[in-house]
Amino acid sequence: MHTLKYLTAYPEPLRAQVSQLIAEERLGDLLRRRYPAAHGIRTDKALYAYVQELKDSYLRQAEPIAKVAYDSKIRVIQHALGLHTAVSRVQGKRLKAKHEIRIGTVFRDAPLPFLRMIAVHELAHLKEKEHDKAFYKLCCWMEPQYHQYEFDLRLYLTWLDLSGERLWAAAA
Ligand SMILES: [Zn+2]
């Protein structure tokens, strides 16, 4: 039985189904069928533009984001799929937060829904600090399939751990 460390938050029957898929060697095919292609947003510049566009659509009033970048140092485990940092600095007489979003490089060669899910997650932290009800409500407002995408992403991380094979690796 696999430990399924990325799926510990899900109910046992669901985890049993995943174990079954793994045992029958069907997990990779299932993911590839559900998500045929990578998104192609490969540079930090393109990533920033993508996240900024999402912010403009849903969180125009929230504080600005200074930087968005892929970060290979983010070890993807449990909740740490991305990172949102706010460095406070004094500007004149006011304390201003400089928001930066870092996204694990595993999302670079991945389907758009996975990138969108993590971008939505980190953007939601501009308004909600904790992973509470209000936070997930905001996530689901920005992306109604948020929970499905997170689950599928965790399936992919499970697949990566077991096989070491990136399903959507770029051609060059
Ligand atoms: Zn978070």
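Y35, F114, Y149, Y156 and W168 come together as one aromatic cluster in this predicted model. The structure as a whole holds 9 aromatic pairs, and two of them are set out here.

| Aromatic pair | Centre to centre | Angle between planes | Geometry |
|---|---|---|---|
| Y58 and W141 | 5.3 Å | 80° | edge-to-face |
| F114 and Y156 | 6.3 Å | 35° | tilted |

Why is the pair of Y58 and W141 edge-to-face? The planes of the two rings stand at 80°, and an angle over 60 degrees counts as edge-to-face. Y58 is partly exposed, at a relative accessible area of 27%.

The tilted pair, F114 with Y156, also bridges distant parts of the chain. F114 sits in helix 4 (residues 112-124) and Y156 in helix 6 (residues 146-163), 42 residues apart. Both F114 and Y156 are buried, and both are members of the aromatic cluster.

The largest nonpolar core has 49 residues, and L31, V51, L115 and L123 have the most contacts inside it. Several elements supply at least two residues each to this core, among them helix 1, helix 2, strand 1 (65-71) and strand 3 (94-104). Which element gives the largest share of this core? That is helix 6, with 9 residues.

Now to the metal. Which residues coordinate the zinc ion? The ligands are H121, H125 and H131, each through its NE2 atom, at 2.0 to 2.1 Å. Along the chain these donors follow the spacing H-x3-H-x5-H. Are H121 and H125 buried or exposed? H121 has a relative accessible area of 6% and is therefore buried, and H125, at 9% relative accessibility, counts as buried too.

E25 has a positive phi of about 55°, although it is not a glycine. This residue, E25, lies in the loop between helix 1 (12-23) and helix 2 (27-34). E25 is exposed, because its relative accessible area is 69% and the cut-off for exposed is over 50%.

Technical notes. Residues numbered from 1 in each chain as written. Predicted model: local features only at pLDDT ≥ 70, side-chain atom pairs only at ≥ 80, totals over all residues. Heavy atoms only, no water. Donors = N, O, S within 2.8 Å, 3.2 Å for Na, K, Ca; no water. Buried < 20%, exposed > 50% of the residue type's maximum accessible area, 1.4 Å probe, protein only. Helix = DSSP H or I, 4+ residues; strand = E, 2+ residues; numbered from the N terminus. Phe/Tyr/Trp six-rings, centres within 6.5 Å; stacked < 30°, edge-to-face > 60°. Core = buried A, V, L, I, M, F, W, Y, C linked by side-chain atoms within 4.5 Å.
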